[in-house]
Amino acid sequence: MNADVILGLTVPFIGTTLGAAVVFFMKKKLGDKVTNALGGFAAGVMVAASVWSLILPALEQSASFGALSFLPALIGFWAGILLLMLIDRLIPRLYKRAEQASGGTRTSMMALAVTLHNIPEGMAVGVVYAGWLSGIGDITAGGALALAVGIAIQNFPEGAIISMPLHSQGYSRTRSFVYGMLSGAVEPLFGALTVAYAWLIAPAMPYLLAFAAGAMMYVVVEELIPEMSQGDDPSVGVLFFAVGFTLMMSLDVAFG
């Protein structure tokens, strides 16, 4: 595995780690406006990444299908949506249960939910790098890195969402940081597994790109949009959604 791929797979984990490190610098829990801003920003990044880094390349790679070139993207997208829906049914509404629970139970559920939702994000990065290594379509190393950076930006608030509540419940800063950091460890692992089997998944690349997009969009609609709309001033979340969207769009176009 070359250095570019290793860097790309590691970048999202670095984002989670930096977010978890917020616990060393902040004494109080995140306020509503900060939570809205972080949720909106993360949602904007993920929507833009889903479109520019995943859906559009999937459509380009299916051009040989002619009038049915949309079909692989449609099938893959729905597969991603349904898988995440299944996860939420099997782990009954972790975030909603977390809100009703208290203490360690609440934080454990939140950490598990974030960890599970990090799996398709790691796969998304792995799929794009696998496409680049396989020479499929117009995927470039810069475009793959742009997706990895975008997901890392989105992971920053997720790391804080784990570490800050743990510290407020009495855990030490170091222990809270470690737990927050570990919630992102699944991303490079599943990304590396995806790249390792690039030769096998190459024919299904358009489906897999769209699958990753569907999984990410599910997280946006199910988790991030409600989070960015809480409190008395939801416009903060909307504003930062626009910031995240345009930033990720710019990164993908500039590096792609």
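## A walk through a predicted helical model

At 47% relative accessibility, L68 counts as partly exposed, because that label covers everything between buried (under 20% relative accessible area) and exposed (over 50%), with a 1.4 Å probe and protein chains only. You will find L68 in the loop between α2 and α3; helices here are DSSP runs of H or I with at least four residues, numbered from the N terminus.

Before going on, a word about what you are looking at. This is a predicted model, in which local features need pLDDT of at least 70 and side-chain atom pairs count only at pLDDT 80 or more, while totals for chains, interfaces and linings use all residues. Residues are numbered from 1 along each chain as its sequence is written, and side-chain values use heavy atoms, leaving out hydrogens and water. The predictor's confidence in each residue, pLDDT, runs from 0 to 100. Its mean for the protein chain is 82, with 88% of residues at 70 or more. Helix α1 (residues 3-20) has the highest confidence, at a mean of 92, and helix α4 (residues 94-100) the lowest, at 54. Where pLDDT is low, the predicted coordinates should not be read in detail.

Now let us step inside. The largest nonpolar core has 48 residues, and L54, V128, L209 and M216 touch the most other members. Such a core is a set of buried Ala, Val, Leu, Ile, Met, Phe, Trp, Tyr and Cys residues joined through side-chain atoms within 4.5 Å. Helix α10 gives the most to this core, with 12 residues. A second, separate core of eight residues includes A20, M164, F177 and M181.

M216 is worth a look of its own. Leaving aside neighbours within four places in sequence, M216 is in contact (heavy atoms within 4.5 Å) with M46, A49, S50, L54, E121, A124 and I151.

Our last stop is F190, in helix α8 (residues 186-196). F190 counts as partly exposed, at 28% relative accessibility. Although F190 and M123 are 67 residues apart in sequence, their C-alpha atoms are 5.6 Å apart in space. Again leaving aside neighbours within four places in sequence, F190 is in contact with I119, G122 and M123.

Technical notes. Helices (H or I, at least four residues) and strands (E, at least two) are DSSP runs, numbered from the N terminus.
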